[in-house]
Amino acid sequence: SPHCMAEPAVEAEKTDLFYATNETLLPVLKECWSVISENEKRRADKFISASNRETFIFAHAALRVCLSKYIRLKPEDIQFDTDKNSKPFIPGNPVYFNISHANKAFVIAVAKGNYVGADIEEIVEKSDVRSIATHFFSKEEQNFIFSDELGIEERFFLLWTRKESFLKAIGTGMVNHLDKVIVSGDVNMMDRNIFEDLLTGDISSDHYIYSLKMSDYYISVAAPQKAEINFQFLTKRIFKR
């Protein structure tokens, strides 16, 4: 069932999944601001909503602090580049990561053995769920979402995070024919032609998606092989130098 996290393989790769809320990190907003780059500060200042601006600052500062544990660089010294699909990476470094932020919360996935994608979405009431589902979800997925009047939004955001995490893992971002990227079954099949010339590097034929609900959010993480998911709450202590 897509409600459950898949059982990790015995000989599994490890994926670290870091989660935090704005509320938890508000006491260290100043420290977070000092860690991010000038470019990230400019991007943060473009947000109209104060809470979205704070989430961006916390997420990008936390990403730097988390990655510094893997690559032995100071958080503020890490340099990012992006591939042709705007997926960030650290030049010359084999650590893989992905970041996603929603309203007042964010998630960071880090893996050493393989590429990874993550998505977080706040579970909110949406008046246009049926319209979105018709355009972006397969018939099987629509049947899953609308199988009961109770929990429609929960099932919608579960599948949305699963789609997003998969697309972010393979590095394409949003694609046309999103209704053909099916994630509602235990095993799903899709045509590689959907992705046309968007794929970069060696992309596995099999992917695994793990999902969990955390408070009012759904989180999904996708990887090209079974992985042990090491889930961690981030607190303000990560910014103590």
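Visitor: Is Phe 156 buried or exposed, and what tells us?
Guide: Buried means under 20% relative accessible area. This is a predicted model, and in it Phe 156 has 3% relative accessibility, so Phe 156 counts as buried. Trp 160 is buried too, with a relative accessible area of 14%.

Visitor: Where do Phe 156 and Trp 160 lie along helix H7?
Guide: Helix H7 covers residues 152-170. Phe 156 and Trp 160 are 4 residues apart in it, which means about one helical turn separates them.

Visitor: How many aromatic pairs does a search of the whole structure find?
Guide: The search finds 10 aromatic pairs. Why is the pair of Phe 156 and Trp 160 called stacked? Planes under 30 degrees apart count as stacked. The ring centres of Phe 156 and Trp 160 are 6.0 Å apart and the planes are at 20 degrees, so this pair is stacked.

Visitor: What sits over the ring of Phe 146?
Guide: That is the charged end of Arg 130, 4.1 Å from the centre of the ring.

Visitor: How do I read a helix such as H4?
Guide: Begin with its span. H4 (residues 50-71) has 22 residues and reaches 32 Å from first C-alpha to last, close to the 32 Å expected at 1.5 Å a residue. Then look at its cover: 16 of the 22 residues in H4 are buried, so "mostly covered" describes this helix.

Visitor: What follows H4?
Guide: Arg 72 does, and its phi is positive, near 55 degrees.

Key. Residues numbered from 1 in each chain as written. Predicted model: local features only at pLDDT ≥ 70, side-chain atom pairs only at ≥ 80, totals over all residues. Heavy atoms only, no water. Helix = DSSP H or I, 4+ residues; strand = E, 2+ residues; numbered from the N terminus. Expected span 1.5 Å × (residues − 1). Buried < 20%, exposed > 50% of the residue type's maximum accessible area, 1.4 Å probe, protein only. Phe/Tyr/Trp six-rings, centres within 6.5 Å; stacked < 30°, edge-to-face > 60°. Lys NZ or Arg CZ within 6 Å of the ring centre and 35° of its normal.
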